[in-house]
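Here is a short tour to read alongside the sequence and the 3D view.

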There are 2 protein chains.
Amino acid sequence: MSYERENIKRLKAYTPGEQPRAAEIIKLNTNENPYPPVEAIMHSLTEVQGEQLRKYPPATAQEFRDSAAKAHDVQSSQIIATNGSDELLRLAITCYCEPSGDTEGTQGGLGLTDPTYSLYNVLANIHDTPMFVVPLEDEYAMPADLAKQWNDAGCKLAMIVNPHAPSGRAYSLDQIKQIASDFNGIIIVDEAYADFAEEDAVELVKENSGFDNVLISRTLSKGYSLAGLRFGYGIAPAPIIDTLDKARDSYNTDYISQKLATAAINAREDVAKSWDKVKSERSRVEKALVAMGYKVYPSQTNFLLAMPPVDAPDAETIYQKLAEKYIFIRHFDHPNMCDKIRISMGTPAQNDALLKALEELK
Amino acid sequence: MSYERENIKRLKAYTPGEQPRAAEIIKLNTNENPYPPVEAIMHSLTEVQGEQLRKYPPATAQEFRDSAAKAHDVQSSQIIATNGSDELLRLAITCYCEPSGDTEGTQGGLGLTDPTYSLYNVLANIHDTPMFVVPLEDEYAMPADLAKQWNDAGCKLAMIVNPHAPSGRAYSLDQIKQIASDFNGIIIVDEAYADFAEEDAVELVKENSGFDNVLISRTLSKGYSLAGLRFGYGIAPAPIIDTLDKARDSYNTDYISQKLATAAINAREDVAKSWDKVKSERSRVEKALVAMGYKVYPSQTNFLLAMPPVDAPDAETIYQKLAEKYIFIRHFDHPNMCDKIRISMGTPAQNDALLKALEELK
């Protein structure tokens, strides 16, 4: 007998990029940082004592909150620490979206764009909240009436990822401000890639910003080379943080990850050196791909979305041929995306190997 | 403006026991193991490499699942790893309970007993699923018609904690079997304290057990001295695991906790030495409390529930007086519990200090 709720029965889980096990691979498929965590982070790991593992961890990760608040020039009460930013996104849906299935149309539901980070859809389905999805325009531009469309649909929460995934495009702070101003619900700005971008939206969550509805999502997975640690955080006006805080698991982040995350945020200046290297490689790889005839979308992330030229194999074939050479990139089986490949920036040597392999495919 | 859903607005978050910061305290209030994690666990921590933190962790914690399956003599497909057992409990509510508020009475809701582990109630409120709560009988006995009452109320999921918290009482395997047989939905047997008990319900989830509706919840927080790590797991028939797996966050457990949890399960025989010490102390402290006139409830956990004699101060006063001496125990502000104190078993020296302080209070 199946005991599942109907929405769970229908659910297709989120598909992460592959995590190949072979040793000698070049892994440019899940937007990890190609450089290892900085020394300060690894050093803090050596300081972990058994006594600290024996006891329950600080429930709200207060030390991390203090450090993150300092880094972003906000109050500690404006920071929530989460088990990866996945948890933050889930908590927001739990707290703001109605689990009404489709019984009331899209009232109380989640506003999205298409394409966007594919996890949002999965999280909404788990909660059984309806979605209202607005297609992006050419070159992944946001429609001018995006917030109005969400409002008309009755959305209580909306999510945009900026810079955008999977395209890499950065929307301007003015655009984000306009959406926050126009939208009647809470707007999540998922800044998973902000460390590689020119602007962020932190000023919109500061006290006296005039906004009470902006929640910024951050992760240590990409910028801080800590995907294995599962640590994310939210920055928002304190009332939003208080709300999310009520719905999180009692001890949602563990002692070790709190300690390493705090070390990471405090070592921000050192960590930022890897961001510069990634951005420099992004520029170099983009030029090389353009020279090969690829259409490359302007990116402010640690990846590039690229459409192969007519004289090259199609995107899916390229993905497969590279995999045979143990070079893993990402290909999405999605209507607007299947003619493109997404390449996470690797080290210069890894990127050279990729470019060489792409040349050989032509 | 408040954007919260109504059930979240009403929500009172779970109250964990205090985590006092002073150095020289005796902490007998949150059922942690008084002994540090075993050497094998701490050694595995020293093996963590930056490269492993840089990449996303194995999504399903397969190595841990293999080890836990071996330890319990079940299949790996019958194990799910979670960010503390809190996550497991939440996932079960998400997958099996309807978030209908009280619009349909208790249909599709969660069956509980009273008293029980206070987190269950909070998780149900977060999901906005109705609860049907059956009072326990004298000495925290389960009513013979417990499952029937849950069935009549339309519960889809029920939770019992065995051994019971906060009383410490162990229900027999036959009783659990009867409830699983009588109940029409999924029954969670929360075995947070099973490491200190004589029986567990693992045989009910084995293939050919005849049951398809039993989900056992385990944690490494107490038995394995790893409360700071946040690692729990579920043991159940594979279809239940498959269901829960669809609803968990994509990478719900981090690389380090997977590694340490695997080392912990593999070092089970060594870890069990602390369980013997705790049980021996439980017996000694129980006798001492009884000699002081306390009514002590038979416990198969790592704590004792005790009612002070008439010539002693009341339970709340005892709690406060001990706190002044930096000895922290637990007192619950709950109708059936407020005349009792709950004491986690410490080291022999900590327990001696507790007993001495209690003597002085008389």
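Chain A has a radius of gyration of 21 Å, which agrees with the value near 21 Å that a compact globule of 362 residues would have. That radius is taken over C-alpha atoms, and the globule rule is 2.2 Å times the number of residues to the power 0.38. Along the principal axes, the C-alpha atoms of chain A fill a box of roughly 55 × 55 × 55 Å.

Before going further, please keep in mind that this is a predicted model, in which local features need pLDDT of at least 70, side-chain atom pairs count only at pLDDT 80 or more, and totals for chains, interfaces and linings use all residues. Residues are numbered from 1 along each chain as its sequence is written, while chains are lettered from A and ligands numbered from 1 in the order in which they are written.

**Inside chain A**

Chain A holds 13 helices and 12 strands; these are DSSP runs numbered from the N terminus, with helices being H or I of at least four residues and strands E of at least two. Of its 362 residues, 56% count as buried. Here a residue is buried if 20 or more other C-beta atoms, placed from the backbone, lie within 10 Å of its own, exposed if 12 or fewer do, and partly exposed in between. Two residues are in contact if their C-beta atoms, placed from the backbone, lie within 7 Å. Among the contacts in chain A with a separation of 6 or more, 73% join residues 24 or more positions apart.

The largest nonpolar core has 225 residues, and A92(A) and A92(B) have the most contacts inside it. Such a core is a set of buried Ala, Val, Leu, Ile, Met, Phe, Trp, Tyr and Cys residues joined through C-beta atoms within 7 Å. Not counting residues up to four places away in sequence, A92(A) touches L157(A), I186(A), I188(A), L215(A) and L244(A).

**Two domains**

Chain A is divided into domain 1 (6-37 + 272-361) and domain 2 (39-268), with bounds from an automatic or database domain assignment. Their centres, taken over C-alpha atoms, are 24 Å apart. Each domain brings 29 residues to the contact. On the side of domain 1 of chain A that touches domain 2, helix 11 (268-291) and strand 10 (303-307) each supply at least two residues. Helix 11 of chain A gives the most to that side, with 5 residues.

**Where the chains meet**

Chain B can be laid on chain A with an RMSD of 0.0 Å by a turn of 180° and a shift of 0.0 Å along the axis, which is the relation of a two-fold axis. The superposition is by least squares on the C-alpha atoms of residues with pLDDT of at least 70 in both copies. The same surface serves both copies, as 100% of the contact residues of chain B recur in chain A.

In this interface, 61 residues of chain B are in contact with 61 residues of chain A. Helix 5 of chain B gives the most to its side, with 7 residues.

The table sets two contact sides next to each other by residue class.

R5(A) lies in the segment before helix 1 (6-10) of chain A. R5(A) counts as buried because it has 22 C-beta neighbours inside 10 Å. Leaving aside neighbours within four places in sequence, R5(A) is in contact with C95(B), Y96(B) and E98(B).
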